[in-house]
Amino acid sequence: MQNDVILSMRKISKAFPGVQALQDVDFTLRKGEIHALMGENGAGKSTLIKVLTGVYEKDAGRIDLAGVREDIVIKSPQEAQELGISTVYQEITLCPNLTVAENMYIGREKDTLVHWKQMVRQSGGILENLGIPARPKQQLASCSLAVQQMVAIARAIDMDCKVLILDEPTSSLDEKEVAMIFDLMRDLKARGVGILFVTHFLEQVYKVSDRITVLRNGELVGEYKTEDLPQVELVARMIGKKLDDLSVIHRKEISYDNGGTTAYEAADLSSDACPNPFSFRISKGEVNGFTGLLGSGRSECVRAIFGADKVSSGKVAVQGKPARIHKPKDAMKNGIGYLPEDRKVDGIIDDLSVRENIILALQVMRGFFKPYSRAEAEAFADEYIKALDIKTASADTPLKSLSGGNQQKVILARWLLTHPQYLILDEPTRGIDIGTKVEIQKLVLKLAQEGVSITFISSEIEEMLRTCSRLIVMRDRNIVGELRGSEITQDNVMQTIAKGAE
Amino acid sequence: MNTNRQIPGALGRRREPLTDTQLLLTITICIFIAMYILAMLVWGGGFLRPQQLFDMFNNNASLIIISCGLTIVMVAGGIDISVGGITALVVMSCVVHLDNFGGSIFTSVLLALGIGLAFGLVQGYLIAYLKIQPFIVTLAGMFFARGMTTVVSVEPHSAKHAGFLALKALRIEIPWLGYTAKNGNIIPGRLEIGVVIALAVVLLVFILLKWTKLGRNLYAVGGNPQSALMLGINVKRSRFYSYLISGLLAGIGGFVFLTHTGAGNATNATGAEMNAIASSIIGGTLLTGGVGNVIGTLFGVLTLTTIKSIVLASGLRDPWWQSITTGAMLCLFILLQSVVLAGRRKGRTRVRTAVPKRFRLQRKT
């Protein structure tokens, strides 16, 4: 058994100014295994990976690599690659303007000249061997994200790697694509590659991994065989407490057909990004959800409701009165709030302070020529920093120095401050640790009780099952079904999506 | 995104769709040919003679060379607006060197290369290693070079060096592409020495961009610098080389300019950098980097010149008409490029859903 170990990290410690990021962490990777590294945000997963790939230098500890007996020091990602440690990141770090073959070989040829024919032939062989559906001469931009990710993996494999680190490779892929990546991972495993797999999705861990190492607050919690560790236990180890919270949440069954008053109604609404007209209705205090695979058009639908894309047709009524919503400001004036899917692009303004980010939407509604006084703004910000328990040094801290979960809370605060009647939350929990996820879910239900209508979108179907009383199921940019109350189960959702194919 | 899920072995012989670079190149070449044929049909006369085409090369040899440099810089995602200034400085320095300091052709070529390299070296270092905005650095370079030109000589200066004048008068004659003059003499097609240098530069730059590691690294850096770094490319060094080569080519371009005009003047090559940028863009190089081709740039220069010739031929002799038409055409080209590229991106994700359901291919079950 010991002979199978290809990588062992012992007593690794790493400190940053003010934070002990890693404290005596052990990690062992064996030949031909998929080893999941789990932990909440800030648990030290990325730090551990960065130590291993030479981005950071470790303060203490020892790394041994099979074949290279002695205590090795890795100084740069290049050096790590030469030792056989390759990394595939969440964001695809390839060049979209080059061909697939080039992307596999660029940056590591020794020769000054490029041997196109040889490169195309070799990469073609590797792609075929691994069953990756891409052609060597194809421009990378014309491949789907999943295929691009697979090309990145193929590149890593070809560099003769013994240790493959996959840092959240699946976070922007839909289920079918994730399955493709998993097939590839299992294939590599059979070839004896040790894979370190980092992900936020618990289900994925149980689908592919053999072992799980859990970190918490920079310390090792333990290493387990996957089959010996039930999901609930894993979650408990990750957040360090029993998760009673999760079961406490009960959704309230309100729906427009059992007595609610209509808060928002759209008939045959369509926009540039959402070309198929859809009709939609939500009542006061209802939590509904749009579900479907990634790319099924769920975000495009809610963006049309908010007027975020150019609205091309449809009638809209808010609180029973006809309204004209053609741009986000119209929607805001009608009491609609929208927490966007892509926090980094559409949500945060990272150089502005927490306070400025919070009052932004309210300020827009009031108009920029009537600014809130400093005292008013501070009062607003402090209220919500407290209410949502936003962890920030002060209200003046630039938003970019907050963690992802806290940034999300700031955006949420921004919309809550406008006191919306209808709040749309598009992936509010993406990339956020479990503790904060539960807080946000609870908040959603609390708001609904106070009479706010909420549309909730999430890639994690369990989350929607817990919070939504009505699910609208989408497929290929069409609404294919609607589930209510007790009909809402994972099976039903899957079946509705599958049936929608006919 | 589903269109790519095919088994690679099954489509070994299928032609790949064009890459963005190839697509834009094709568009440029087609437009140039169409425009030239149009000119031949409508205005005839000079356009029917091969010499017209040769003169386009003769008059623009230096522009072709400095445009090649700009293409390299733009592919790597940068910009270099100092090339016109460098050209002027080289022209003036060489001519003064030849006449007043008893220089030879050889030393003046060395001087030209040296000035170009010096600019490229300094600008490349500032941009790549000290991370200063390329626009600012090369703007400073442009002012500096223009200023130095007048320091070298305020007065216009015509070359009197005998050897150089012989070089300037040298023509490559192509008898079978000549025409018969009114008095019955056959006048052969004539190409200047600069054209040979320009074509050699185009070829070398083509090889550099297509077949060398540095060339491909430049595309990667222009496409996504962050990724390029992760892929193990030395991004700083690649950027540095792009400016170095651009400076060097501006030096060569300056010498070629001198062999064409034979005189140094502080206003030489005014606006050459803008013409070079325009040519690169017309030739399918994207200002955003990562896409471009030097053959396209060659055709870009020719297209730009053809437009100007057509404006002249159609009787609009005032100089501003050329600028106005060039501006309009450049606008049109960029619009066309972005429409075509946007169409491609859109086609990939939307075409499938845009087809009404009943027209879609039924899957057999």
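## Chain B: overall build

Within chain B, 77% of the contacts between residues at least 6 apart in sequence join residues at least 24 apart, where two residues are in contact if their C-beta atoms, placed from the backbone, lie within 7 Å. The model is a predicted one, in which local features need pLDDT of at least 70 and side-chain atom pairs count only at pLDDT 80 or more, whereas totals for chains, interfaces and linings use all residues. Residues are numbered from 1 along each chain as its sequence is written, and chains are lettered from A and ligands numbered from 1 in the order in which they are written.

Chain B holds 13 helices and four strands; helices (H or I, at least four residues) and strands (E, at least two) are DSSP runs, numbered from the N terminus. Taken along the principal axes, the C-alpha atoms of chain B fill a box of roughly 85 × 60 × 40 Å. Buried residues make up 44% of the 365 in chain B, with a residue called buried if 20 or more other C-beta atoms lie within 10 Å of its own, exposed if 12 or fewer, and partly exposed in between, the C-beta atoms being placed from the backbone.

## Chain A: overall build and domains

Chain A contains 18 helices and 19 strands. The radius of gyration of chain A is 25 Å, close to the 23 Å that the globule rule gives for 502 residues, so chain A is as compact as a globular protein of that length. The C-alpha trace of chain A spans about 75 × 50 × 50 Å along its principal axes, and 47% of its 502 residues count as buried. Of the contacts in chain A with a separation of 6 or more, 69% are between residues 24 or more positions apart.

Chain A is divided into domain 1 (2-242), domain 2 (245-335 + 421-502) and domain 3 (341-419), with bounds that come from an automatic or database domain assignment. The centres of domain 1 and domain 3 of chain A, taken over C-alpha atoms, are separated by 35 Å.

## The four-stranded sheet of chain A

Four strands of chain A form an open sheet with antiparallel pairing, in the order β11-β10-β13-β14; two strands are said to pair if DSSP finds at least two bridges between them. In this sheet β11 and β14 (321-323) of chain A stand at the edges with a single partner strand each, so one side of each is left without a neighbour in the sheet. Neighbouring strands of this sheet are turned by 15° against each other on average, direction ignored.

Strand β10 (residues 262-271) of chain A is joined by five bridges to the antiparallel strand β11 (residues 278-283) of chain A, and β10(A) and β11(A) form a hairpin with six residues between them. L269(A) has F278(A) as its bridge partner in β11(A). β10(A) also pairs in the antiparallel sense with strand β13 (residues 311-318) of chain A, over six bridges; here Y264(A) stands opposite V318(A), and the bridge partner of A267(A) is K315(A). Helix α10 (residues 298-306) of chain A packs on this sheet, touching β10, β11 and β13 of chain A, and its direction makes about 110° with that of β10(A). Axes are lines fitted to C-alpha atoms, for helices over the stretch in contact, and angles run from 0 to 180 degrees between N-to-C directions.

## The six-stranded sheet of chain A

Another open sheet of chain A has six strands in the order β15-β16-β17-β12-β18-β19, with mixed pairing. β15 (336-339) and β19 (478-484) of chain A stand at its edges, each with a single partner strand, so one side of each is left without a neighbour in the sheet. The twist averages 15° from one strand to the next. Strand β12 (residues 287-291) and strand β18 (residues 470-475) of chain A run parallel and are joined by four bridges, with T291(A) opposite V473(A) in β18(A).

α10(A) packs on this sheet as well, where it touches β12, β15, β16 (422-426), β17 (453-457) and β18 of chain A and makes about 150° with the direction of β16(A). Helix α16 (residues 434-449) of chain A lies across β12, β16 and β17 of chain A, running at about 155° to β17(A).

## The contact between the chains

The contact takes 32 residues from chain B and 32 residues from chain A. On the side of chain B that touches chain A, α8 (213-223), α9 (225-230) and α13 (319-354) of chain B each supply at least two residues, and α8(B) gives the most, with six residues. By class, this side of chain B has 13 nonpolar, 13 polar and six charged residues, where Ala, Val, Leu, Ile, Met, Phe, Trp, Tyr, Cys and Pro count as nonpolar, Asp, Glu, Lys and Arg as charged, and the others, Gly among them, as polar.

Key: The radius of gyration is taken over C-alpha atoms; the globule rule is 2.2 Å times the number of residues to the power 0.38.
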